[in-house]
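Please read the following points with the sequence and the structure open side by side.

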Amino acid sequence: TARALGIQEHRDFAASYAYRTSNPIEPIKLPHEKAPVQQTILQANDVNLFDLPALTQHQLDSGPYLTAAHATTFDPDTDVDNTAIQRCWIKNSKVMSYYPYPASHNMQNLRKFWKKNQPCPIAFWIGHHPKILLGTQAKLAYPESHWAACGGLLGEKLRLVPTITHGKKIMVPADAEIVVEGWIPPNILEADGPFGEYTGYMGPQVVAPICEVTCITMRKDAIYHDY
């Protein structure tokens with residue numbers, strides 16, 4: 001992890017991470033035609049989540065999961081976005097569950113939409129420079145966007161692009177590999193799990209919101225890990 005940030009001594013990681021994320025660099029916004037992640041756009045009948053590189057990774061898992069999808073939502077009161085790594089169980093070609101931790105900022109955003117009985121806009125992006133992936137883990141106030149903290153780690157402006165489904169309401173990294181866009185319908189919870197957690201133990205079955213997918217975009221040469 002230290003090497004991903006260009007830090008030679010791993011004991012210096014915490015101090016360096018804190019310094020860089022505390023000196024944010026604001027992102028830059030690109031038009032659709034200049035965003036590598038939107039070179040391929042799949043909508044309507046072309047959307048098929050099973051075409052994504054999602055594996056059933058453990059014997060007792062419910063099915064194939066996106067395990068490193070970065071979910072981006074926004075606070076409807078301020079329009080400030082939030083990003084966090086979340087797991088998504090692919091249930092059919094256009095529907096997957098989405099498990100935000102109950103106390104997370106993403107869950108706070110979701111509850112605000114549900115309180116108004118409105119679907120919550122969401123986008124999941126996959127694949128980027130390790131510094132960007134680490135930047136999304138910065139502990140921020142609510143509501144506060146992760147994009148500038150990602151720029152601080154990267155040392156330059158993070159390139160963003162409006163989503164196809166939600167426009168400028170939800171921006172995603174223009175240099176990601178894959179983006180999955182959709183809506184979380186209000187007050188619908190379904191079973192999710194069990195799931196093999198990173199700790200080496202099976203997490204219990206939980207109830208989680210679902211995401212109805214409207215669009216998948218990706219680089220024309222998106223990197224898939226072979227298995």
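1. The largest nonpolar core has 45 residues, and those with the most contacts inside it are Met96, Phe124 and Ile216. A nonpolar core here is a set of buried Ala, Val, Leu, Ile, Met, Phe, Trp, Tyr and Cys residues joined through side-chain atoms within 4.5 Å. Buried means under 20% relative accessible area, exposed means over 50%, and partly exposed lies in between (1.4 Å probe, protein chains only). Strand β6 (residues 120-126) gives this core its largest share, five residues. Apart from it lies another core, of eight residues, including Leu5, Leu134, Ala138 and Leu153.

2. A word on what is being read: this is a predicted model, in which local features need pLDDT of at least 70 and side-chain atom pairs count only at pLDDT 80 or more, while totals for chains, interfaces and linings use all residues. Residues are numbered from 1 along each chain as its sequence is written, and side-chain values use heavy atoms, with hydrogens and water left out. Helices (H or I, at least four residues) and strands (E, at least two) are DSSP runs, numbered from the N terminus.

3. Which residues does Phe124 touch? Not counting residues up to four places away in sequence, they are Ala69, His70, Ala71, Cys88, Met96, Tyr98, Ile178, Val179, Val180 and Cys211. Contact means heavy atoms within 4.5 Å.

4. Two residues on that list, Cys88 and Cys211, deserve a check. Cys88 is buried, with a relative accessible area of 0%, and Cys211 is also buried, at 0%. The structure holds zero disulfides.

5. Strand β3 (residues 65-74) has eight of its ten residues buried, so it is largely enclosed by the rest of the structure. Eight bridges join β3 to strand β4 (residues 81-92), and the two run antiparallel; Leu66 stands opposite Cys88 in β4. Three bridges join β3 to β6, again antiparallel, with His70 opposite Trp125. Two strands pair if DSSP finds at least two bridges between them. β3 and β4 form a hairpin with six residues between them, and Asp79 in the turn has a positive phi of about 70 degrees.

6. A separate item is the open sheet of three strands, in the order β1-β7-β8, with mixed pairing. β1 (28-29) and β8 (167-173) stand at the edges, each with a single partner strand, so one side of each is left without a neighbour in the sheet. Two bridges join β1 to β7 (residues 159-163), and these run parallel. Ile28 stands opposite Arg159 in β7.

7. In helix α2, the residues Asn106, Met107, Asn109, Leu110, Phe113 and Trp114 are buried. They cover an arc of only 155 degrees around the axis, which puts them on the same side of α2. The arc is that of the directions from the helix axis to the C-beta atoms. These buried residues pack against β3, β4, β6, β9 (178-184), β10 (189-192) and β13 (206-218).

8. Asn106 is a polar residue to look at in α2 (residues 105-115). Is Asn106 buried or exposed? It is buried, with a relative accessible area of 1%. Its side chain makes a polar contact of 3.3 Å with that of Gln86. A polar contact is a pair of N or O atoms within 3.5 Å; within protein, one must be able to donate a hydrogen and the other to accept it, and residues adjacent in sequence count only if both atoms are side-chain atoms.

9. Helix α1 (residues 13-21) has Ser16, Tyr17 and Thr21 buried. They cover an arc of only 120 degrees, which puts them on the same side of α1. Ala15 and Tyr19, on the other side, are exposed. What covers the buried residues includes α3 (130-135) and α4 (147-154).

10. Last, the backbone. A cis peptide bond joins Tyr142 and Pro143, with omega about -10 degrees, and another joins Gly193 and Pro194, with omega about 5 degrees. Asn117 has a positive phi of about 60 degrees although it is not a glycine; it is exposed, with a relative accessible area of 54%.

How values were computed. A disulfide is a pair of cysteine sulfur atoms within 2.5 Å.
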